[in-house]
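Let's take a walk through this one, starting with a pocket and ending with a pair of helices. Have a look at the fold before reading on.

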Amino acid sequence: MRVLPDIYLVNENINKPALRDDISANTNLDYLIMSEQRITISLPNLLLIVASSLLLVLLWQLRSLLVILMISVVLAASIVPIVNWAQTMRVPRWLAVIMVYLTLIGGFSGTVVLIGPTVIEQIELLLRQLPVYVESLRTVASNVLSRLSDDAPTLVGLVDTQSLTNWLIRSSQQLVLRSYSLTRGILGGVFSLVLALFISGYMVADSDTLIKSLVQFFPKPWDAKLAAQAAPIGQRMGSYIRGRVLVSGILGIFITTGLSILGMPEFSLGLGAIAGVTNLIPFIGPVLGAVPALIVALAKGGWVLLWVLLLFVIIQNLETYVLDPLLVGSSVGVHPLYQLLSVLGGVQVLGIIGAVIVPPWFAGVAALIENLYLKPKLRSEHREAIDRAKNNSDLPPLTPSA
């Protein structure tokens, strides 16, 4: 008996009229079902796209409030350990929050009253004399290049000192105005700071209730997992910002003292304050703080430039190898390149404020990803490796053939 291939039998059956009609009916039914499924699936996707677009527009309109919330979270994370310690001493949590904030505000206000007028006066004097210092820098560059090339005077002549000075001042003003544009001016900035302090105080005073109200929107078991991550995220963000503030304050004092000893007492406090504030910005902050002092030292001439440069090199090494490991440690927990990108992205979007508050937020997000994804992934891979090794050990040993 001849056995026909399956494909031949299928083709023969299809040629029959009854089977042809059944196949055609089934094909039309499948097509209608697929069309209905496509309509059913596309409608929720369309609604999701519209809702996401509206949410993005709403977030853009509320960007000032979002920045205030970001600052509030950073402030709250920075004072939580102090409040927790006060609570262990039988102090009510709300009272501990008030005491901490009054202490911080009093200390900051006292510092501003003591050194604020002198710092402002020295910075104004520095800005007035900046064209003279830039001209001195241009002269020094011309002298150095003239020893290297005969075309040096032509190259240096292409640089307009006044235009360069105006560009430096204008760039600094734009960077500051980008930060102030989020708060609509100085009064808006003061109001935003007060609002951030109030919100952060409420966050710390009622943190347990706030965390529970946020995580209840997530399904189980993610609600418990996210609630458990509040403490490590806050610890990483808070330790980072506290360490940076302490390091910046110590370096500002060292730089002020060093510049006074090296013959620049008329600008020492202002330059020290600039270096301390810019040092809050990782990586690029110390360089930005050193530039004004080096320009002034270059204008003074002699050995002052060398000693000031040596001072900043020593301070930079002190920060890198002593202060940062002790006070900041590994609180960020991410690669330095990613930290630098977070700083640059914060400057680009939010100005100076972004350079200060985006890195601690980046550290908190890194902690969340590490605890919820990376560590479980490594544990799963480790268990799989153990299981494979156990299965291989259960196999009978190979016996050599005779």
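Here is a short tour of a pocket, a leucine and a helix pair.

First, the ground rules: this is a predicted model, where local features need pLDDT of at least 70, side-chain atom pairs count only at pLDDT 80 or more, and totals for chains, interfaces and linings use all residues. Numbering runs from 1 along each chain as its sequence is written, and side-chain values use heavy atoms, with hydrogens and water left out.

Start with the second largest pocket, at about 1,100 Å³. Its lining counts 32 residues, and Val-73, Ile-211, Ala-230, Ile-233 and Gly-234 lie nearest the centre. (On a 1 Å grid over the protein atoms alone, a pocket is an open set of points where a 1.4 Å probe fits, with protein on both sides within 12 Å along at least five of seven lines; lining residues have an atom within 4 Å of a point.) H3 (63–88), H7 (185–205), H8 (207–215), H10 (230–261) and H15 (352–394) are helices that each give at least two residues to this lining. By type, the lining splits into 22 nonpolar, 6 polar and 4 charged residues, with Gly counted as polar.

Next, Leu-350, which sits in helix H14 (residues 336–350). Its relative accessibility is 10%, so Leu-350 counts as buried (under 20%). Leu-350 and Val-67 are 283 residues apart in sequence, yet their C-alpha atoms are 8.5 Å apart in space.

Finally, follow helix H11 (residues 268–278) and helix H12 (residues 284–300): their axes come within 7 Å and cross at roughly 165 degrees. H11 and H12 are therefore roughly antiparallel (angles over 145 degrees), and their crossing is right-handed.

Definitions and conventions: Grid points are joined across faces, edges and corners, and a volume is the space filled by probe spheres set on the points. Helices (H or I, at least four residues) and strands (E, at least two) are DSSP runs, numbered from the N terminus. Buried means under 20% relative accessible area, exposed over 50%, partly exposed in between (1.4 Å probe, protein chains only). Axes are lines fitted to C-alpha atoms, for helices over the stretch in contact, and angles run from 0 to 180 degrees between N-to-C directions. Angles under 35 degrees count as roughly parallel, over 145 as roughly antiparallel, 65 to 115 as roughly perpendicular and the rest as oblique. A crossing is left-handed if the near helix is turned anticlockwise from the far one by less than a right angle, and right-handed if clockwise.
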